[in-house]
Amino acid sequence: MTESMTRPPADTTATAATKGTTAPDEEAAPPSRPRRALAALRPALRPVLRRVRALPPWSVLAAGVLAGGLLGAGYGLLTPDRYSATSYVVAVPADESDPASALGFAQAYGRVATQLAVLGDAQMHAGVPLTTLEESVRTATSPDAPMVSVTATSSRPVEAADMANAVARALTRHAAASADDTHVQLRQFARATEPTEPSSASAAVTGLVGASAGGLLGGLALLVRPRRAARESGRAAAPVPGPAPAADVRGQL
């Protein structure tokens with residue numbers, strides 16, 4: 001007895017149902033809010049863009065000067081005024097020392113004046129934190145004269161003068177402590193006085209600087225604009241047809 005070798009019929013019902021029905025098309029996702037907002041603004045922006053393109057080229061330069069001037073003047077008005085006061089000390093050599101050595105020690109004391117050892121002693125007389133002295137006090141020396149200038153900057157004139165005088169006194173005390181070894185003393189040459197005018201730039205100066213920077217940027221924009229226009233006109237020009245291939249006349253000879 002032979003077994004039947006035929007396979008059972010496949011489930012044609014599911015296959016037919018699968019073939020007969022097609023998956024519905026996915027619904028298009030709605031555009032996002034930024035795209036919808038941009039699409040809604042395009043009709044309103046088109047007249048504005050046309051007017052901007054119709055403006056003369058020098059309007060870019062004028063807009064840059066105006067915008068830079070307004071930004072610079074605003075910065076000068078919003079920034080508080082800064083006052084600077086300067087105190088001077090001079091290096092005096094002892095009787096048995098070389099006068100030329102005073103110049104070298106003046107250079108050294110000019111670098112030491114902003115160190116923590118000197119500023120820590122000056123803090124008590126200045127009445128400000130140590131970090132304020134580190135940020136506000138600067139020193140300078142001369143290559144020709146044994147003199148050290150101590151300059152302090154603050155938003156208050158009285159505080160600037162107090163800081164400069166306090167650092168100068170602290171520097172002279174440190175120099176006196178080592179005078180037996182260096183044979184050079186520091187003496188106060190001129191005290192710092194309360195400044196009457198701010199050392200920071202006024203709103204007019206910052207406005208002029210901003211206007212100059214804006215004009216420079218506007219000029220650069222004018223230099224770039226013709227190149228872009230020429231590039232776009234070159235792209236829009238009709239292409240030049242290439243040369244036609246020569247006919248093969250070898251077979252006709």
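Contact is taken throughout these legends as heavy atoms within 4.5 Å. The structure is a predicted model, in which local features need pLDDT of at least 70 and side-chain atom pairs count only at pLDDT 80 or more, while totals for chains, interfaces and linings use all residues. Residues are numbered from 1 along each chain as its sequence is written, and side-chain values use heavy atoms, with hydrogens and water left out.

View 1. Leucine 171 is in contact with Val89, Tyr109, Ala113, Val118, Val148 and Leu186, its neighbours within four places in sequence being left aside. A nonpolar core is a set of buried Ala, Val, Leu, Ile, Met, Phe, Trp, Tyr and Cys residues joined through side-chain atoms within 4.5 Å. Buried stands for under 20% relative accessible area, exposed for over 50%, and partly exposed for values in between (1.4 Å probe, protein chains only). The largest such core has 30 residues, of which Leu133, Val167 and Leu171 touch the most other members. Two or more residues each come from strand 1, helix 4 (99-112), helix 5 (116-126), strand 3, helix 7 and strand 4 (184-190). Helix 7 gives the most, with 10 residues. Helices (H or I, at least four residues) and strands (E, at least two) are DSSP runs, numbered from the N terminus. In soluble globular proteins, nonpolar side chains tend to be buried together.

**View 2. Threonine 172 in helix 7.** Threonine 172 belongs to helix 7, which spans residues 157-177. Threonine 172 counts as buried because its relative accessibility is 16%. Apart from neighbours within four places in sequence, its contacts are Val89, Leu186, Arg187 and Gln188.

View 3. Two strands pair if DSSP finds at least two bridges between them. Strand 1 (residues 83-93) is paired with strand 3 (residues 147-154) in the antiparallel sense, over eight bridges. Within this pairing, valine 90 lies opposite methionine 147 of strand 3. Strand 2 (residues 137-141) also runs antiparallel to strand 3, and five bridges join them. Valine 137 has alanine 152 of strand 3 as its bridge partner, and threonine 139 stands opposite valine 150 in strand 3. Strands 2 and 3 form a hairpin, with five residues between them.

**View 4. The salt bridge of glutamate 159 and arginine 156.** A salt bridge is a side-chain nitrogen of Lys or Arg within 4 Å of a carboxyl oxygen of Asp or Glu. One is found in a search of the whole structure. It joins glutamate 159 to arginine 156, with the closest N and O atoms 2.7 Å apart. Glutamate 159 counts as buried because its relative accessibility is 16%. Side chains of opposite charge can pair when their charged atoms come close.

**View 5. A nonpolar surface patch that includes leucine 216.** Patches are made of residues with over 30% relative accessible area and no salt bridge; like charges are joined within 9 Å, and nonpolar side chains (Val, Leu, Ile, Met, Phe, Trp, Tyr) within 5 Å. Accessible areas come from the Shrake-Rupley method with a 1.4 Å probe, and for residues only the protein chains shown count as cover. Leu216, Leu217, Leu220, Leu223 and Val224 form a nonpolar patch, and together they have about 500 Å² of accessible area. Leucine 216 is located in helix 9 (residues 203-236). Leucine 216 is classed as exposed because its relative accessible area is 56%.

View 6. Alanine 204 is part of helix 9. Alanine 204 is exposed, since its relative accessible area is 56%.

**View 7. Histidine 183 in a loop.** Histidine 183 is in the loop between helix 8 (179-182) and strand 4. Its phi is positive, at about 60 degrees, although histidine 183 is not a glycine. Most residues other than glycine have a negative phi, and most peptide bonds are trans. Histidine 183 counts as partly exposed because its relative accessibility is 31%.
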